[in-house]
Structure formats: structure tokens, C-alpha cells
Amino acid sequence: MITKADWFAAGFEPVEAVGWRADGFNPAEAAAWIKAGVEFACDALAWIKAGFELADAAAWRGAGFKFACDALEWIKAGVEPAESAAWRRAGFELAEAADWRTAGFTPAEAGMLATIGYYYPEDLP
């Protein structure tokens, strides 16, 4: 049985441990999710319920996705975390990125073209 002392030994204050414990996490699992950038048990549960393993959730969190539902949209479009982060850094959401990807452009190329007024591939001469 996991005790309050176990949570404290893992670096959790009682107020921090409450939510994680209530949602069925042990100290090691909670610490791993926190290391992945997920601060609260309810958010970890959302990633889990959406079908993500910890490593996958960590990759998408590292790519700037706070919510699993947003990452799922990019996954459905066949985009990996690193590429999705590049598109977002270039200023594109999924629908726009998909248009540019279909036209054969990289995030850097599409971003450069957007800065000179070509916001969609069909705008190109």
C-alpha cells in the first residue's frame, strides 16, 4: 500500500499528491507525467483516455500541444510531433499546414512565402 510518506519521499507535498492519488496514480507514475510536462492528474487521464502512452504524450507535449484532442487532429492528418511543431512555429494551424504539405512545401518554405503575401499555395503565381 502506498502511504503519504511514499508520496513525500517522491517529492510531493500532500496537496499535490491528493489529485494524483485520487485518480489512481502512484508516486512514480505521477512523477513521470509531471516530467513529461503534464502537471495535473486530470490532464494525464485525458491523454490516457485519448489512447496515448506516456512517451507519446511527452512527445506531443514537447511539440507544444497541451491537449490530447489537438494532437489527435495532427495525428489523423499523418503529421508527427516534430513536424507539427515546425508548422506551428511557422504560424500555421493544421488546415493551412495540410494545404501547404499537399502542395509539397516545408514549414520553412511556406512560412517564408506567407511573409511575402502568399498565405495559401493557390495564391502562388
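1. The structure holds 0 disulfides, a disulfide being a pair of cysteine sulfur atoms within 2.5 Å. C42 is in none, and the nearest cysteine sulfur to it, that of C69, is 13 Å away. That distance is too far for a bond. C69 itself is partly exposed, at 48% relative accessibility; here buried means under 20% relative accessible area, exposed over 50%, and partly exposed in between, with a 1.4 Å probe and protein chains only.

2. A word on where this comes from. This is a predicted model, in which local features need pLDDT of at least 70 and side-chain atom pairs count only at pLDDT 80 or more, while totals for chains, interfaces and linings use all residues. Residues are numbered from 1 along each chain as its sequence is written, and side-chain values use heavy atoms, with hydrogens and water left out.

3. Now for the charged pairs. Side chains of opposite charge can pair when their charged atoms come close. A salt bridge here is a side-chain nitrogen of Lys or Arg within 4 Å of a carboxyl oxygen of Asp or Glu, and the count comes to 2 salt bridges.

4. Helices are DSSP runs of H or I with at least four residues, numbered from the N terminus. E73 is partly exposed at 41% relative accessibility, whereas K76 is exposed, with a relative accessible area of 66%.

5. In the salt bridge between E83 and R101, the N to O distance is 2.7 Å. This pair links distant parts of the chain: E83 belongs to helix α7 (residues 81–89) and R101 to helix α8 (residues 94–102), 18 residues apart. E83 is partly exposed, its relative accessible area being 26%, and R101 is partly exposed too, at 30%.

6. Back to α6, whose buried residues are A68, A71 and W74. They lie on the same side of the helix, because they cover an arc of only 120° around its axis; the arc is that of the directions from the helix axis to the C-beta atoms. These buried residues pack against α4 (41–49), α5 (54–62), α7 and α8, where contact means heavy atoms within 4.5 Å.

7. Finally, look just past the end of α6: there G78 takes a positive phi of about 80°.

Terms used:
Helix = DSSP H or I, 4+ residues; strand = E, 2+ residues; numbered from the N terminus.
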